[in-house]
2 protein chains.
Amino acid sequence: MSLPDAEALLAGLAEQMRPHVTPDTALVGLHTGGVWVAQRLHAQLGLTQPPGALDVSFYRDDYAQRGLARDTRSSSLPFDVEGRHLVLVDDVLHTGRTVRAALNELFDYGRPQRVELAVLIDRGGRQLPVAPTYCATRYMPPDGQRVKLAQEDDRLLLRLAPDTE
Amino acid sequence: MSLPDAEALLAGLAEQMRPHVTPDTALVGLHTGGVWVAQRLHAQLGLTQPPGALDVSFYRDDYAQRGLARDTRSSSLPFDVEGRHLVLVDDVLHTGRTVRAALNELFDYGRPQRVELAVLIDRGGRQLPVAPTYCATRYMPPDGQRVKLAQEDDRLLLRLAPDTE
């Protein structure tokens with residue numbers, strides 16, 4: 001099975017979300033791929049709230065094993081979380097642990113009215129009872145590899161990389 | 001739509017779970033209805049680990065609004081959570097906030113290998129990206145009411161009650 005086209009997935013994801021968002025809906029991208037996807041969705045959906053970004057490294061339950069990534073980024077939510085409709089955005093959904101970490105970080109900022117989850121790819125292998133609200137496709141990478149989003153000249157593309165986890 | 005028969009739902013839920021559990025799988029019931037369901041599933045599935053119980057009142061994100069229930073119960077996990085396959089068990093899945101709270105409480109005990117979710121009823125109305133792994137049925141109670149599990153003479157039954165939330 002060849003790698004899906006990221007730009008086509010993005011367009012499909014935006015169409016799934018369009019009937020369910022209002023201008024006041026806020027997107028929250030998960031570093032790094034999810035931030036790129038959120039920026040593109042924000043433009044395509046014409047949302048007024050600027051997208052937020054979360055770096056959940058410190059919140060992951062396996063933080064002790066993984067340690068700090070060399071390029072630690074920071075979180076930024078340029079809107080009030082309290083009572084808001086939020087959509088977490090990530091490139092690939094796998095175990096669900098990143099999503100749990102993101103929810104915990106979000107709830108440290110306030111109590112949103114509703115949090116949905118939008119992903120380009122669901123690669124299965126869930127370890128927590130998490131499910132995407134919007135998902136462009138399911139794709140299982142070959143054994144020992146993982147699928148990784150890249151950005152070149154403002155275009156998104158998917159690549160395979162060794163799965164080091 | 002008439003209320004489903006809780007004993008029939010229980011039997012169906014056990015059949016869904018049977019191929020996916022091992023004797024070492026541990027069930028964790030959420031107070032109060034989920035504890036009853038977990039006890040019955042434990043017997044039907046012939047699991048060796050005694051079921052645990054969680055009371056998530058203190059972990060809910062709306063604790064400040066709801067306050068302490070009059071009958072505060074305690075949590076008990078009679079097994080090591082670390083590295084284990086756990087199944088959270090509840091009677092009714094609604095917003096998903098209780099499940100998030102339960103996951104946070106579980107992870108305070110250790111880092112499970114995998115956590116699944118089994119519910120008798122999915123009543124919709126999700127406010128978090130949570131999904132049941134095993135679900136006996138979907139049922140939407142009439143407006144202003146909620147569905148509530150009761151236990152009489154060791155038999156489970158469903159009732160409607162005013163939705164005070």
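Me: In what order do the 5 strands of the open sheet in chain B come?
Reply: The order is β2-β1-β3-β4-β5, with parallel pairing. This is a predicted model: local features need pLDDT of at least 70, side-chain atom pairs need 80 or more, and totals for chains, interfaces and linings use all residues. Residues are numbered from 1 along each chain as written, with chains lettered from A and ligands numbered from 1 in written order.

Me: What counts as a strand, and as a pair?
Reply: Strands are DSSP runs of E, at least two residues; helices are runs of H or I, at least four; both are numbered from the N terminus. Two strands pair if DSSP finds at least two bridges between them.

Me: Which are the edge strands?
Reply: β2 (52–54) and β5 of chain B. Each pairs on one side only.

Me: How many bridges join β1 to β2 in chain B?
Reply: 3, and β1 (residues 26–30) runs parallel to β2(B). B:L30 has B:L54 as its bridge partner.

Me: New topic: α1(B). Which residues are buried there?
Reply: B:A6, B:L9, B:L13, B:A14 and B:M17. Buried means 20 or more other C-beta atoms within 10 Å of a residue's own (exposed: 12 or fewer; partly exposed: in between), with C-beta atoms placed from the backbone.

Me: Where do they sit on the helix?
Reply: Down the axis of α1(B), they fall within an arc of 135°, so they line one face. The arc is that of the directions from the helix axis to the C-beta atoms.
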